[in-house]
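Please keep the sequence and the coordinates at hand while reading.

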Amino acid sequence: MRSSQFIGMLALGALAVTGCRDDVNATTGGTDTDGSTGGPSSGGADETGETPETPETLGPIGMRRLTRYEYDNTLRDLLGDTTRPGSQMLPEDPFTPFDNEYGTQEASQPLIEGLEVLARDAARRLLDDPPRRDQTVGCTPSGTTDEACLREFIGRFGRRALRRPLSTEEIDGYVALGLEYAQRQSDFYVGIEMVLRALLQDAEFIYRVEIGTPVDGEPGLFALSNFELATRLSYLLWGSTPSDELLDAAEAGELSHAEQRQAMAQAMLQDPRARVQIDRFHAMWMGYAQLPHPPELTNALRSETTALLERVIFDEAAPWTDLFTATETFIDATLAEHYDLPTPDGSQWVSYGSSGRQGILSHGSFLSVAAGPGETSPTRRGKWIREQLMCQPVPPPPPNVDADNPPTEEDAECKEDRYAIHAEVGSCAGCHSLMDPIGFGLERYDTQGRFRTHDEGAPQCTISGDGALTSIGAFNGPAELANLFVDNTVLEPCVAQQLYRFALGREVVQDDLPLVNELGMQLTEGDGRFDTMLGMLVAHPAFAHRREE
Amino acid sequence: MVSRKLALPRRTFLRGLGGAAVALPTLEIMLDDAGEALAGGGAMPLRYLVCFGGFSIITDGDPLDNSYIPATTGPGYTLGTGLAPLGDRGVQDLVTVVSGLSIPSQTAQSENEPIPPAGRTVHFHAHVNPVVSGMRSAPWTSNDTHIPTVTGPSSDQIVAEAIGDRTSFRSLAYRAQALLYNTGTWHMNRDTISYRDNDGEIERVVPVVSPRQAYDALFLGFVPDDPQEAAAKELELDKRRSVLDLVDRRMDGLLDRLGSADRQRLEQHYDEIRALEMRLEIEGPEVGGECQQLPDPGSDPPLGGEPPSEEAYDVNAGYSDEQSRLLLLCDLMHMAFTCDLTRVGSLMFTMFQSFMNVNPITGHAYGLHDLSHNGDLPEMADVIAWHVDHFAYLVERMRDTPEGAGSLLDSCALMMMNEAGGGVSYENGSAWSAHSTDNMVTLVAGGAGGLRQGHHIVAPSNANHPGNVVISAMEAVGVNSNFGEVSGSIPELFG
């Protein structure tokens, strides 16, 4: 298989190295020996009417809860409620780097109490806003106990909220609750309030429940229903709940086949929500989702990176690696000064010229990541890049190392000399050779991504900016690092792995590798586009099935 | 409303629930003539609270000073910068400082050396366990993801197990630091100080972080004086019961269709819903006198550094107005004790290895953790004082709340614990490191069980684990228990 070349680049938790060797191939696991060949089990494409193919291998997955971010998006799209209350009230979703790992989600008293308050508040805000209320309810009640209108609302809104049609019996249950209170309070909308509160606390609203249909002869493997697929699509591509159109397609059975899902994904990528979602994926993956700067600078830096992502992925539909090779950047006068670039009129694309910058790796957003307090740390920067961008875990430091502090060598006046101990001491050198040389290649860029030529307050300590990617090559600065990455196809298999991790809400396992491998191939051998890779992902049989935990 | 008998929870242990007992505040009429005990002969309710701050008492490279450790022992001890709020709030004579505490550490630079009982690994940031449960840290391995595990119940849960069934809330767990403020790693357990033993399995008691949510839960059963407001409140309670009843009934059908792992997840969710349903059935306290519903705090302060929302990227990196949050949570905890809604609490001011931005406290933009390594002593003293000031505020509120013949404080055992001390680092050998668990300090306040107040006590060498202070505080509220691998109280804390 041609695809096997990528597996060597993938370093999974299960394959993680336990020691550091001066060799990137140290991360190669025994992937080829288990007989995985990658790709779907049947070669044929998706002739409509055929039974959808099943994935040859597929890692297990469990039920996922809406993240705080997804909860807020969902409220917005269901009710037009833009207050984003879930972020305050639901337990924090840690960035691992992604905020949607279901292994970190636990049902707790604060979760349940938070969900209750959130549902009550959301219903109240809706009722206090008649135009929004009327739009959501969708019919005008003829009286306090207009059962037909209530029933119509529950049927339509219930399908949106629970992401599947409700049975008559289920609708009856909500109607009974709503009518009782509408009658008692002589107010139709108290009935609406009660139904809303119940729906917004329902397990099938809070969790993305996937059940599916058992696949014959494949114990533990289930084919997802069309509604479950619609939900997977929308939370992956929009970070939010399915639209009516998407649910209609599910109801018509139009998501069963690979080409149908691919076409749906292409349509969904036209929605502004897809741009935000892809932007956010990159921010979490590359680590700049939370920047330690004042709001003005954070805003400016994030806007710059968002502009590049939108241009490459959407507006130009260019290969994804253009993110790393772009020769222009979208900045205003403030950032131009920050970067020492020509001042544009308003916000414009400005050429990097011979500044040594190129692409997203030279953005202040990315260069702000993994800094030490007040000062860059070549080790932390290198570790972040090695682990997140290259998908190669570096073992933690031995217990007798205080990794919170930079090396302190009393005699050494310059930072580069202080770090030299990492390369000189044998027991340190193995791991640090995987990290420090990458960081040193970016040392001429400070904790906000500004260019500098010497250590802060020490003009005699010139920074060379010389760095290296072990066993790949030497570089100086973000442009040369980006070129090394692109020329050696280092990033593609890793971003494919990260995307799949994000899509599943859990770490990638061995059985996921065939698909991950295909996705990486799309970037290197296919048209190289990120949106095409997303289309391949949703089309793949693995996306349409679940394996029980 | 739909009336339905509540079924027993699926799991043996019902979280956060004090049984079906009806909670009543300690009314004057229930006291004996002297106001020193309940008229029925029972003792006055005793209250237990653990506060925690994620600070060390020195910064790297700076020798120990008298900012947090008084220069003199006994009463009238000296007040350095860190302790100054005790004087400012006039509560020094009520707060005892226990210094000379130490969490034993693995010392050799080898992972083969055994970890001492109730001690920690050489690697510092795995040491949540000895602080919160008195158990030793899990061994460090080369595949360690640096997630500290907790292997025993925390003291608030030990106490709750003994006395928590007498109130609406078995215990309350709050945290002021709103977010981890750190990306890329999962710091599970560094954000929680309360853990319970559920049939041998140690579970996190996830703290409530939103003051608005904490407010809502605490004053759930309060009936306002105004008849119209009271009727509205009753209607709202009734609505909540009916909504939850439907949510609850719908879950049965779903559970049957899930695989075992998913079913387990949902059952836990289900149990929490049942627990909430049962809390809704508990009658509220008799409001009056000191026990009053606090004014509605309104929305929570914005979250600092949250990922972009629709409109704005960022409010304030690393800070979510923890100042206001902590003050509100102190007020809620105080009222929970006053109304006898709970007798046990934990209040985490800041997390272990806290990345909260201390700029509003010190004027320098540092994460608290970064400050301990790169800042200087006066700045750390200001951060300690910020913690101590809120602890002093709690003491002040309890003291100013009359109960029986004395004050609410008389029945309390309150503690302020922290993450680290200052001394030799076994990680890198430096003489003065914030990664040291020597020279730690715990503050104790309250008159429960005859606790000694207003003294500076140096812990005796045979009982100098912070856990020995914890055991003494538990003893003060009538709970005699070991604390993990620590045993024995500190006699000097009584009398």
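## Sheet, helices and chain contact

In this predicted model, strand S7 (residues 344–348) of chain B has 5 of its 5 residues buried, so it is largely enclosed by the rest of the structure. The burial applies to both faces of S7(B), with Val344(B), Ser346(B) and Met348(B) on one side and Gly345(B) and Leu347(B) on the other.

Leaving aside residues up to four places away in sequence, Ala173(B) touches Ser194(B), Val205(B), Pro207(B), Val208(B) and Ser346(B). Ala173(B) is also 8.0 Å from Met348(B), C-alpha to C-alpha, although 175 residues separate the two in sequence.

These strands belong to an open sheet of 8 strands in chain B, which has mixed pairing and the order S2-S12-S3-S11-S10-S1-S7-S4. Strand S2 (74–75) and strand S4 (172–175) of chain B are at the edges, and because each has a single partner strand, one side of each is left without a neighbour in the sheet. Elsewhere in the sheet, strand S3 (residues 95–101) and strand S11 (residues 440–445) of chain B run antiparallel and are joined by 5 bridges, with Leu101(B) having Met440(B) as its bridge partner in S11(B).

Helix H10 (residues 377–399) of chain B packs on this sheet, where it touches strand S1 (47–53), S3, strand S10 (412–418) and S11 of chain B, and its direction makes about 175 degrees with that of S10(B).

Another helix of chain B, H11 (residues 466–476), has 11 of its 11 residues buried, so it is largely enclosed by the rest of the structure. The cover over the buried residues of H11(B) includes S1, S3, helix H2 (128–133), helix H3 (155–163), S10 and S11 of chain B. Among the buried residues of H11(B) is the charged Glu475(B), and the helix is followed by Gly478(B), whose phi is positive, near 85 degrees.

| Helix pair | Angle | Axis separation | Crossing |
|---|---|---|---|
| H7(B) and H10(B) | about 30 degrees | 10 Å | right-handed |
| H4(B) and H7(B) | about 15 degrees | 10 Å | left-handed |
| H7(A) and H8(A) | about 145 degrees | 7 Å | right-handed |

Where H7(B) and H10(B) pack, Leu326(B), Cys330(B) and His334(B) of H7(B) meet His390(B), Tyr393(B), Leu394(B), Arg397(B) and Met398(B) of H10(B). By class, that contact has 5 nonpolar, 2 polar and 1 charged residues.

Between H4(B) and H7(B), the residues Pro211(B), Ala214(B), Tyr215(B) and Leu218(B) of H4(B) meet Arg325(B), Leu328(B), Leu329(B), Leu332(B), Met335(B) and Ala336(B) of H7(B). This contact divides into 9 nonpolar, no polar and 1 charged residues.

In chain A, the residues through which H7(A) makes its contact with H8(A) include Tyr174(A), Leu177(A) and Tyr181(A), and those of H8(A) include Phe188(A), Ile192(A) and Val195(A). The contact of H7(A) with H8(A) holds 11 nonpolar, 3 polar and no charged residues.

How many residues does each chain bring to the contact between chains A and B? Chain A gives 62 residues and chain B gives 68 residues. On the side of chain A that touches chain B, the elements giving two or more residues include helix H7 (168–185) and helix H8 (188–199), together with helix H4 (109–127) and helix H14 (295–315) of chain A. H4(A) gives the most to that side, with 8 residues. By class, the side of chain A that touches chain B has 29 nonpolar, 20 polar and 13 charged residues.

Notes
Residues are numbered from 1 along each chain as its sequence is written. Chains are lettered from A and ligands numbered from 1 in the order in which they are written. This is a predicted model: local features need pLDDT of at least 70, side-chain atom pairs count only at pLDDT 80 or more; totals for chains, interfaces and linings use all residues. Two residues are in contact if their C-beta atoms, placed from the backbone, lie within 7 Å. Helices (H or I, at least four residues) and strands (E, at least two) are DSSP runs, numbered from the N terminus. Two strands pair if DSSP finds at least two bridges between them. Axes are lines fitted to C-alpha atoms, for helices over the stretch in contact, and angles run from 0 to 180 degrees between N-to-C directions. A crossing is left-handed if the near helix is turned anticlockwise from the far one by less than a right angle, and right-handed if clockwise. A residue is buried if 20 or more other C-beta atoms lie within 10 Å of its own, exposed if 12 or fewer, and partly exposed in between; C-beta atoms are placed from the backbone.
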